[in-house]
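The following paragraphs lead through one structure, beginning with a term that is needed along the way. Keep the sequence and the 3D view at hand while reading.

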Amino acid sequence: MKLKVVIILTLVLAALAVGIVFSNTTDAVFFDSVPWITIVAAGLGFILGVARALLKGKEEISYGEVIRHGGGSFLEHWGTALGIFALLASGILLGFLFFPGIMKNLDTTPFPLNIHFVGVVVALLGGFFFVGDYIFSRKYDRLIPNIPDIFGGFIGKYFLRRKWSSEDKYLSSQKVAFLGFAFIGAGILISGAVKVAAHIWPIDADYWAFFTVLHDLFSLLFIFLLIVHVLLVLGLREWPALFSWITGKVTEERAEEDYPVWHKELKTGKRRGYKLLGYKGVSKVEK
Ligand code: HEM
Ligand code: HEM
């Protein structure tokens with residue numbers, strides 16, 4: 001896994017570096033000259049994600065360690081995250097809402113706009129790779145919380161200090177956070193898509209202004225959620241989960257303690273069924 005991490009990280013960082021250097025050495029505005037690349041990136045990511053879902057091996061316990069992440073999940077999380085970091089940096093350079101832009105001279109340099117474009121391409125590739133994989137893996141309850149997750153595993157556990165022992169591969173609180181990421185991500189994507197379209201077709205100024213405010217508000221919410229996400233990892237000292245992004249594994253002991261439902265599934269080969277209001281029985285795990 002460590003070698004895969006190095007290769008994926010090198011490829012993503014190299015793609016970003018080439019994009020950023022190219023952004024600064026051209027007068028062209030990528031959103032104007034090659035907007036179709038954004039659609040190709042999303043489509044390619046989705047197809048590769050579907051292929052991964054259909055081809056990936058089984059999660060298993062081996063010699064006291066549990067395989068938690070493969071190279072594909074690393075790319076989904078960190079590839080998308082690196083693209084988003086480029087989006088955040090260029091967004092700050094461009095300025096939004098009441099934050100003044102740092103590089104406002106867009107007439108003389110399209111640099112920050114082009115970095116935004118590069119970030120969009122990398123984030124769409126990684127993000128849609130995740131979407132394709134997630135939809136076709138058909139384990140929706142892995143990341144979508146149900147009512148007990150929200151009230152027992154999030155509000156009860158963290159705010160009322162109640163015991164909660166139904167943690168799956170991702171903690172109930174992580175599932176709630178995922179819902180937040182998905183909702184805000186969809187808001188940014190839809191408003192961003194309209195702004196990309198505005199580079200291709202004429203659009204009413206009022207509509208453009210409306211979607212710009214929407215894009216910026218969702219961006220602000222995203223920054224807030226990202227800070228909470230990172231602070232929770234660091235504050236709750238989720239080191240095993242953090243290191244598992246690099247090693248791909250956690251110890252079986254840790255899996256049993258922190259993720260008992262997932263551990264049981266790996267041991268027995270049977271998975272709990274999912275209902276919005278609770279859990280229904282168990283079913284055989286599909287590969
Ligand atoms: C976390 C993700 C993102 C953040 C934080 C972000 C933030 C921003 C900010 C701050 C601006 C400058 C203010 C404005 O014009 O609204 C901007 C502009 C823009 N964004 Fe994003 N954005 C993100 C993702 C996206 C995505 C996914 C797309 C495309 C689907 C996109 C497309 C655009 C476009 C086309 C512009 C306008 C460029 C222009 O001035 O013509 N953004 N974004
Ligand atoms: C734009 C950036 C990022 C996005 C969109 C993102 C999103 C996610 C999502 C959706 C998950 C799955 C479960 C959950 O919802 O918590 C996750 C897990 C995780 N993230 Fe992030 N993340 C980002 C950046 C980071 C950063 C900078 C760190 C470093 C502290 C980090 C550390 C983790 C860890 C440790 C996990 C849990 C892994 C596991 O349980 O095995 N993330 N992230």
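The model is a predicted one.

Is Glu-167 buried or exposed? Buried means under 20% relative accessible area, and Glu-167 is buried because its relative accessible area is 3%. The side chain of Glu-167 is in polar contact with the side chain of Lys-157, at 2.7 Å.

Other residues of this loop can be taken next. Leu-160 also sits in the loop between helix H6, which covers 147-159, and H7. With a relative accessible area of 48%, Leu-160 is partly exposed. Leu-160 belongs to a nonpolar patch on the surface, together with Ile-147, Phe-151, Ile-155, Phe-159, Leu-276 and Leu-277. The accessible area of these residues together is about 730 Å². Arg-161 is found in the loop between H6 and H7 as well. Its phi is near 55°, a positive value in a residue other than glycine. Arg-161 counts as exposed, since its relative accessibility is 70%.

A positive phi is also found at Tyr-63, where the value is near 50° and the residue is again one other than glycine. Tyr-63 lies in the loop between E1 and strand E2, the latter spanning 65-67. With a relative accessible area of 84%, Tyr-63 is exposed.

The next topic is charge pairing. Side chains of opposite charge can pair when their charged atoms come close. How many salt bridges does the structure hold? There are ten salt bridges in the structure. One of them joins Glu-76 to Arg-52, with 3.5 Å between the closest N and O atoms. This pair links distant parts of the chain, as Glu-76 is in helix H4 and Arg-52 is in helix H3 (residues 36-55), 24 residues apart. Glu-76 and Arg-52 are both buried.

Lys-56 forms a salt bridge with Asp-133, and here the closest N and O atoms are 2.9 Å apart. Because Lys-56 lies in the loop between H3 and strand E1 (61-62) while Asp-133 lies in helix H5, the pair ties together parts that are 77 residues apart in sequence. Lys-56 counts as partly exposed, at 30% relative accessibility, whereas Asp-133 counts as buried, at 3% relative accessibility.

A salt bridge also runs between Asp-168 and Arg-272, whose closest N and O atoms are 4.0 Å apart. Asp-168 is in the loop between H6 and H7 and Arg-272 is in strand E4 (residues 270-275), so this pair connects parts that are 104 residues apart in sequence. Asp-168 counts as buried at 1% relative accessibility, and Arg-272 counts as buried at 16% relative accessibility. Salt bridges that share partners join Arg-52, Lys-56, Glu-76 and Asp-133 into one network.

The ligands come next. Which residues come nearest to ligand 1? Of the 21 residues around ligand 1, the nearest are His-116, Lys-195, His-199, His-215 and Asp-216. A polar side-chain atom of His-116 is 2.7 Å from a nitrogen atom of ligand 1. At least two residues of the shell come from each of helix H4 (71-94), helix H5 (111-137), helix H7 (172-197) and helix H8 (205-235). By class, the shell around ligand 1 has eleven nonpolar, eight polar and two charged residues.

Of the 21 residues around ligand 2, Arg-68, His-69, His-77, Gln-174 and His-229 are the nearest. An N or O atom in the side chain of His-77 is 2.8 Å from a nitrogen atom of ligand 2. A polar backbone atom of Phe-178 lies 3.4 Å from an oxygen atom of ligand 2, and an N or O atom in the side chain of Ser-244 lies 3.5 Å from an oxygen atom of ligand 2. H4, H7, H8 and helix H9 (239-247) are the elements that give two or more residues to this shell. The shell around ligand 2 divides into 15 nonpolar, five polar and one charged residues.

Key
Residues numbered from 1 in each chain as written. Chains lettered and ligands numbered in written order. Predicted model: local features only at pLDDT ≥ 70, side-chain atom pairs only at ≥ 80, totals over all residues. Heavy atoms only, no water. Near = heavy atom within 4 Å. Polar contact = N/O pair within 3.5 Å; in protein donor to acceptor, adjacent residues only side chain to side chain. Helix = DSSP H or I, 4+ residues; strand = E, 2+ residues; numbered from the N terminus. Nonpolar A, V, L, I, M, F, W, Y, C, P; charged D, E, K, R; others polar. Patch = residues over 30% accessible without salt bridge, like charges linked within 9 Å, V, L, I, M, F, W, Y side chains within 5 Å. Areas by Shrake-Rupley, 256 points an atom, 1.4 Å probe, with all protein chains shown as cover. Salt bridge = Lys/Arg side-chain N within 4 Å of Asp/Glu carboxyl O. Buried < 20%, exposed > 50% of the residue type's maximum accessible area, 1.4 Å probe, protein only.
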